[in-house]
Amino acid sequence: MTLSVAVSGASGYAGGEILRLLAAHPDVEVRTVTAHSSAGQPLVAHQPHLRSLAHLELRATTPEVLAGHDVVFLALPHGQSAQYTAALADTPLVIDAGADHRLTSPDDWAAFYGGEHPEPWAYGVPELTVDGVKQREHLRGATRIAAPGCNASTVALSLAPGVDAGVIDAGDIVSVLAVGPSGAGKAAKTNLLASEILGTANPYAVGGTHRHIPEIRQALAAAGAPADGIRISFTPVLVPMARGILATSTAPIAGDATDAEIRAAWEAAYADEPFVELLPAGTFPRTADVLGANIASLGLAIDRAANRVIVVAAVDNLVKGTAGAAVQSMNIALGLAETTALPVNGVAP
């Protein structure tokens, strides 16, 4: 049976990437695409690369338009998804690509987002360990899924195996990320103009203010770190590449863990994962190698002089960081093959 799908925010980067993946999915049919100011225009006027969906016209984002589908993706700015969830109560599966349903803590929501705390949904990162099992077990049969923040899932995937195995100390994590501007969305902003970002690197949300920090803490606590003992210094840096994240995360080695035990933790965590790869010792990923792929590529080093583990992770923020995680979670929730329509090969050069 072919499942009907609606995608809101279809004129944006996340919505467009969801559509690109769904266009190749044999079990779904994209029937409705919605937007706000561009409603009434052809989809290809905003997503000219989506030629196979050229027959679709953007409709207004309303509960009535989104209702009546088997699956609805909400690819809306943060704070806008929750207003539709009650009206979609009869929709079998709703997946939110925004932040509205990610956080379980009302205090974290109030501190980093503000306003009423929406209901938390199943977290859409299947490879993370939650309460001793992989998160995909909590996604099977789920009807409401919160796709992750791209920076948050990248750091969580980098460090969760070490936390779960007890070989790193989550009390002194430092993460510095080089990120592309597509992660900030498609809206015109002066600081994202080409003349502002080409030839320079710009830190932002410095000093513990980035909204993905509580999401990282939440994921690492689920992996076994004491919630009150997680401390992370998180600094994103905007760099002139359209898409991609290169995250360098470090944490102290816990106790007397050996080099072999440390590497074994990551090998065991991801040995059977189709979309997370641990590179051979001494090898580290590049963002270019994951462009267009639903892959998190990790390189691990052990710095005995500093007594720290270093994990370098590369992801395409629009694929594994957002849309790919959403479609992967959809596949699991619906009992479809998890890898369906999700590319592992990147685009080069």
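**Entry 1. Nonpolar cores**

A nonpolar core is a set of buried Ala, Val, Leu, Ile, Met, Phe, Trp, Tyr and Cys residues joined through side-chain atoms within 4.5 Å. I kept in mind that the model is a predicted one. With this definition I looked up the largest nonpolar core and found that it has 52 residues. I noted the residues with the most contacts inside this core: Leu128, Ile168, Leu220, Ile262, Trp266 and Val309. Helix α6, residues 150-165, gives the most to the core, with eight residues. I then recorded a second, separate core of 40 residues, which includes Leu19, Ala35, Leu53 and Ala75. As general background, I wrote that nonpolar side chains tend to be buried together in soluble globular proteins.

**Entry 2. The surroundings of Val309**

Which residues does Val309 touch? Leaving aside residues up to four places away in sequence, I listed Ile168, Ser249, Thr250, Ala251, Ile253, Ile262, Trp266, Leu300 and Ala301.

**Entry 3. Backbone details**

I looked up a cis peptide bond, which joins Ala348 and Pro349 with omega at about 0 degrees. Pro349 is placed in the segment after α10 (319-333). Ala341 also has its place in the segment after α10. I noted for Ala341 a positive phi of about 65 degrees, although Ala341 is not a glycine.

Ala205 is likewise not a glycine, yet has a positive phi of about 50 degrees. I located Ala205 in the loop between β11 (202-203) and α8 (213-222). Because its relative accessibility is 25%, Ala205 counts as partly exposed; the cut-offs are under 20% for buried and over 50% for exposed.

**Entry 4. The largest pocket**

I recorded a volume of about 1,400 Å³ for the largest pocket. Its lining has 50 residues, and Gly183, Ala184, Gly185, Lys186 and Lys189 lie nearest its centre. The elements giving two or more residues to this lining are α1 (13-22), α6 and β11. The largest share, three residues, comes from α1.

Terms used: Residues numbered from 1 in each chain as written. Predicted model: local features only at pLDDT ≥ 70, side-chain atom pairs only at ≥ 80, totals over all residues. Heavy atoms only, no water. Buried < 20%, exposed > 50% of the residue type's maximum accessible area, 1.4 Å probe, protein only. Helix = DSSP H or I, 4+ residues; strand = E, 2+ residues; numbered from the N terminus. Contact = heavy atoms within 4.5 Å. 1 Å grid on protein atoms, 1.4 Å probe; cavity = no way out; pocket = protein on both sides within 12 Å on 5 of 7 lines; lining within 4 Å. Points joined across faces, edges and corners; volume = space filled by probe spheres on them.
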